[in-house]
Amino acid sequence: QVQLLESGGGLVQAGGSLRLSCAASGSIFSINAMGWYRQAPGKQRELVATITSGGLTNYADSVKGRFTIFRDNAKNTMSLQMNSLKPEDTAVYYCNADLMGWTFGRADCWGQGTQVTVSS
């Protein structure tokens, strides 16, 4: 069994910064891509940023230049540094991992989500 645990959400004023973290634990053999997704009220879940095990990154156009994703492969952790936050960044942010387990093969795992609220 695998668990993704997010932390770091909260309330911040527009222009401020937050850092989200995600820690994967359990029977993990390897983690391929990891990513952050978000879902605002009444909207579909959308990609924010992804990072491969080799460090290749991909960002949504709406966050390019403001958000930075990075990971520590040795610790199975990932973070998202969010700067210059805007009210439209308000959403529940979810951690995602495409991984291989020792006992269950490949799996696409999600965290429980962490709320980010940006006030204007």
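The entries below follow the order in which I looked things up.

**Basis.** I am working from a predicted model, in which local features need pLDDT of at least 70 and side-chain atom pairs count only at pLDDT 80 or more, while totals for chains, interfaces and linings use all residues. Residues are numbered from 1 along each chain as its sequence is written, and side-chain values use heavy atoms, with hydrogens and water left out.

**Aromatic pairs.** I looked for rings of Phe, Tyr and Trp (its six-membered ring) with centres within 6.5 Å, calling planes under 30 degrees apart stacked, over 60 edge-to-face and the rest tilted, and I found 2 aromatic pairs. The ring centres of Phe29 and Trp102 are 4.7 Å apart with the planes at 85 degrees, so I noted this pair as edge-to-face.

I then turned to Tyr37 and Trp110, an edge-to-face pair with 5.1 Å centre to centre and 65 degrees between the planes. Tyr37 belongs to strand 4 and Trp110 to strand 10, so this pair ties together parts that are 73 residues apart in sequence.

For accessibility I used relative accessible area with a 1.4 Å probe and protein chains only: buried is under 20%, exposed over 50%, and partly exposed in between. Trp102 is exposed at 59%, whereas Trp110 is partly exposed at 36%.

**Charge over rings.** My criterion was NZ of Lys or CZ of Arg within 6 Å of the ring centre and within 35 degrees of the ring normal. Arg45 lies over the face of Tyr94, 3.7 Å from the ring centre, and its charged end also sits over the ring of Trp110, at 4.7 Å from the centre.

**Backbone angles.** Most residues other than glycine have a negative phi. I noted a positive phi of about 55 degrees at Asn76, which lies in the loop between strand 7 (67–72) and strand 8, and one of about 50 degrees at Ser84, in the loop between strand 8 and strand 9. Asn76 is partly exposed at 22%, and Ser84 is partly exposed at 41%.

**Asp89.** Is Asp89 buried or exposed? I found Asp89 buried, with a relative accessible area of 1%, in the loop between strand 8 (77–82) and strand 9 (91–101). Counting heavy atoms within 4.5 Å as contact, and leaving out residues up to four places away in sequence, I listed Arg38, Arg66, Phe67, Ser84, Val116 and Val118 as touching Asp89.

Technical notes: Helix = DSSP H or I, 4+ residues; strand = E, 2+ residues; numbered from the N terminus.
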